[in-house]
Amino acid sequence: MIETILWTDEGVVMIDQTRLPNEEIYVTCRNYHEVADAIRTMIIRGAPAIGVAAAMGVAIGVAQAAAADLDGQVAAISKELAGTRPTAVNLFWAIDRMNRLYSEIRHLALEEIRTRLIDEAKLVRVEDIEINMSLGRHGAALVPDGKTVLTHCNAGALATAGYGTALGVIRAAIESGKKIDVFADETRPFLQGARLTVWELQHDGIEVTLIMDNMAGHFLRSGRIGCVVVGADRIAANGDVANKIGTYSVAVLAKENNVPFYVAAPISTLDLTLAHGDLIPIEERGASEVTQVFGVQVAPKNTSVRNPAFDVTPNRYVTAIITERGVARGPYEESLRALAGK
Ligand code: MRU
């Protein structure tokens with residue numbers, strides 16, 4: 001099994017996703033500043049994995065905090081972690097969960113508070129794996145047997161504490177006896193598809209073929225792709241989905257070619273406070289990710305660049321949203337609230 005993130009006595013240990021697939025290196029974050037840096041620099045990435053890292057960041061911050069003004073320190077730790085990446089709502093969900101627990105136990109002895117927060121962060125990790133396995137079981141039934149599944153970015157074990165969301169659906173479909181293979185979009189500019197999805201599927205012996213992002217239309221038109229399954233960073237109350245840049249184009253091409261487009265995400269990725277996807281903050285990353293490919297300049301130095309890391313797919317392109325509590329279909333305003341119990 002691929003270990004994405006672990007709590008250890010030395011600190012928060014993560015596989016360095018900026019170095020895969022060429023090097024399998026684990027880094028240890030020894031304080032909350034290092035956890036925040038790891039999220040910002042994408043040593044760890046993917047919405048659920050970011051959530052687990054943030055929970056562990058709060059825990060390690062409090063484990064090392066002085067006794068005086070603990071409330072102020074928890075607020076400072078939470079603020080720094082919350083400032084790392086804006087789009088994946090799991091980051092804020094995890095920080096809120098840790099803060100809610102802290103406010104319930106803040107009257108206890110410092111050692112007790114530390115132990116309880118560490119236990120909670122470990123629980124967020126374990127629950128995430130269980131959620132993904134249950135989400136996978138719900139999604140497996142939707143995947144057509146004997147066909148290819150197209151996915152975009154990496155919504156796998158590496159993007160979560162384990163098993164994955166979109167790749168969890170694929171794993172569960174294969175475990176249920178279906179014969180499927182995967183087409184992975186390269187996912188420019190950070191190459192999560194080429195570097196991470198291909199690596200982790202090969203690791204598990206799942207047949208995978210790498211395609212460039214601009215080839216998706218060609219293959220969706222060919223009749224070979226049985227469905228598209230992607231993850232999500234934030235889902236608005238109406239079912240609009242923010243996910244890795246390029247997801248929207250794939251969704252439109254899927255609808256044009258009558259290929260079902262499924263989104264696999266835990267309930268913690270729902271943001272029912274936002275009525276629609278235009279309200280989701282979209283992270284814009286540095287120009288060098290676009291003008292360079294791993295340090296090699298591929299565009300003139302003074303090129304004007306836009307680099308939104310995510311896009312929003314309107315709900316009309318989403319065939320269904322697969323969660324650990326079941327499958328939601330439109331109208332999503334009702335089905336998502338029913339699954340969330342709100
Ligand atoms: O920028 P990233 O690599 O953090 O973006 C990741 C994605 O867009 C994933 O598809 C999403 O977080 C779902 S991961 C289960």
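**Notebook: cavities in the model**

I started with the largest cavity, which holds about 190 Å³ of space. The model I am reading is predicted.

I then looked up how many cavities there are. The structure holds three of 30 Å³ or more.

**Largest cavity**

Which residues sit nearest its centre? I found Gly46, Ala47, Asn154, Asp233 and Asn243 there, out of 24 lining residues.

I sorted the lining of the largest cavity by class. I got twelve nonpolar, eight polar and four charged residues.

Next I checked helices and strands. I noted that α2 (47-63) and β9 (241-244) each supply at least two residues of this lining. The most comes from α2, with three residues.

I looked at the domains too. Domain 1 (5-133) and domain 2 (137-340) each give at least three residues to the lining of the largest cavity.

**Second largest cavity**

I moved on to the second largest cavity. I read its volume as about 100 Å³.

I went through its lining residues. Among them are Pro48, Gly51 and Val52. I also listed Asn90, Trp93 and Arg97, then Val124, Glu127, Asp128 and Ile131. Pro266 and Ser268 line this cavity as well.

Which element gives the most to this lining? I found that α5 does, with four residues. I noted that α2, α4 (89-105) and α5 (110-140) each supply at least two residues here.

By class, I have six nonpolar, three polar and three charged residues for the lining of the second largest cavity.

**Side note**

I marked α2 in both entries.

Technical notes:
Residues numbered from 1 in each chain as written. Predicted model: local features only at pLDDT ≥ 70, side-chain atom pairs only at ≥ 80, totals over all residues. Heavy atoms only, no water. 1 Å grid on protein atoms, 1.4 Å probe; cavity = no way out; pocket = protein on both sides within 12 Å on 5 of 7 lines; lining within 4 Å. Points joined across faces, edges and corners; volume = space filled by probe spheres on them. Nonpolar A, V, L, I, M, F, W, Y, C, P; charged D, E, K, R; others polar. Domains from an automatic or database assignment.
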